[in-house]
Amino acid sequence: MSRSCPYNKPRKPAFLSTPFPEAQDLGSRERPKSLRFLLNWKYLAVIAGLLYISYCFVFNLPIFAHPLPKHTGPYAVGAIDIEAPASPARNVDPNIRFKHAQHNNPAQPFQLDTVLFTLYYPATYADAKSSRVRRHPWIPHPISLRAKGYARAAHISHWLTDRIFTGAIKALVGSITIPAAVDVPLSDHATREAKHPTAFWRNKHVDQEVLESSKTGGHPIIIFSHGTVSSRTDYSHYAGELAARGYVVAMLEHRDGSSPGSIVMTKGSDRERTVLLIDESEVETLAGEPVSVEDFHKSQLLFREAEIEEVVRILQDINAGEGTTIFEQNSRNEGKDLANWTGRLNTDEMIMSGHSYGATGALQALRGGPDNPRRPFKGGLILDPGKSSGPLNEDISVPLLIVHSNTWSSRSSLFYGGRAHFDTVKSIVEANNDRGNPSWFMTSLGTSHPSVTDAPLLEPLLLSFTTGATIDVYQGLRQYVHIAEDFLGFVVGDGQLRGLLAEKAEFPQYDGGMGLGVWKPGQEGASHRERRKREEKVKERGEWWDWRKYWQVHVSPVGAGGKQKE
């Protein structure tokens, strides 16, 4: 028998062979260079993505968001969460109830049992760097509560969408922490110089005088009210930057149904009450009648005003030596050093501040001031007052600074009574100046409504794309901090007009043709020598001297001669 040749194997039947032999041949052919280039880049992109996700997982970093930056002031920053009982606990508006008991709530949507706020305050860098120091999470736990509130704001709350929102928030910002050191001692002595000084901080001797003044009059206090669908943590960096410059900032978390979600906790009680975002369709009068949007907002603002008064009382108690009692009442179990805060706060000259809906509430809280002991506010720092949160209070008797973001001024909208919102705000500031209270109204160029919040710092590209902001996010927030510094220095400091506050009003209306960066140093100088002098001043005094690149002043108490009007 002949041996079979291994190279003469029988062929496979046609139905068993590869249907498309040309496809088999392609696998053995050399791919075109362009195709190999694309495939290599795809592989590299996938590998880079996996490495980035692994890096974020190992170092507990968010997948897409940026960490919050460190503070830049002469002080480090401390933070204490305080939730203390209201005195007395009360129903702020007993005429409104929920249509149905829900969200673990009783039938009273405006029941005030406790008040919750975070204190941001000056601390030493040595204490802040201790290995035992904790940091607050930017999204308080449980994350699902915030997620449900956001889903309700989008009118898509459902068990499935709530879980999707929870997962997305956890992936994006769940590991973000606020850089303030929790529960470290209050400091009266700055240990560094500011990284981005303004006119208020430029001279070292002035720095020392301003910082050391806290030893006599106490640290100035700012009470801040957040906007709708926001909470006490959304403005943490703005508050921290002010605290890093010697101020104590109380960031409220309102339980009026405007926050995404908050848990009411009382010390010594196991019962917790959840307060979620609500609107007027979920409430009714005691007679079962619907509640109008206007009446609902009035009740919310009354509730916010009651919370503000509670914060004032608690800070006054701490300054009067009741720090230990406040710590024992605090259901958040922070503030062990409050006993040492006695006499170190300036509770006689507080500043009321707020953003958006919170700005509307801040204006309302200035009613009857500054002689009302429950609201001893010596000035108002108002950011983007609300356009649909109710009429703006005009009964003001203290200095006022109202700042519009670029988008707030550029987007015209009719306000209550059919008048433009911009004109309404302008008339309030002008009338306050006429009463002898130095007041300003201005627009921060290149910014958008969320620019003062943490959101642009966490997601700069996304927020710039969706909100229309054109200014660098870090510079935009610095501008808010710097103008606040100069205003606070005027009201509770030495009374001097610095920086932009010393400028006269050059824009009676918002001018869209003079946006961010359009004005250049020396633009007003007619000669080459004058332009050179201006350019030298910019180099000498720093970028913050050249305010016109970043601001438009609409109302100012400064006259044409550069002096404050009588």
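This is a predicted model: local features need pLDDT of at least 70, side-chain atom pairs count only at pLDDT 80 or more; totals for chains, interfaces and linings use all residues.
Local features here need pLDDT of at least 70, side-chain atom pairs count only at pLDDT 80 or more, and totals for chains, interfaces and linings use all residues. Residues are numbered from 1 along each chain as its sequence is written, and side-chain values use heavy atoms, with hydrogens and water left out.

**Whole chain.** Show the chain as a cartoon. It has 15 helices and 14 strands, taken as DSSP runs (helices H or I, at least four residues; strands E, at least two) and numbered from the N terminus. Of its 566 residues, 51% are buried (under 20% relative accessible area, with a 1.4 Å probe and protein chains only).

**Ala76.** Select Ala76, which lies in strand β1 (residues 76–91). Is Ala76 buried or exposed? Ala76 counts as buried because its relative accessibility is 5%. Now show what Ala76 touches: leaving out residues up to four places away in sequence, the list is Tyr121, Pro122, Ala123, Thr124, Tyr125 and Ala128. Contact means heavy atoms within 4.5 Å.

**Helices α4 and α5.** Select residues 143–153 for α4 and residues 159–173 for α5. Their axes (lines fitted to C-alpha atoms over the stretch in contact) are 8 Å apart, and the packing angle is about 120 degrees. From α4, Ile143, Ser144, Ala147, Lys148, Tyr150 and Ala151 meet Asp162, Phe165, Thr166, Ile169 and Lys170 of α5.

Note on methods
Axes are lines fitted to C-alpha atoms, for helices over the stretch in contact, and angles run from 0 to 180 degrees between N-to-C directions. Buried means under 20% relative accessible area, exposed over 50%, partly exposed in between (1.4 Å probe, protein chains only).
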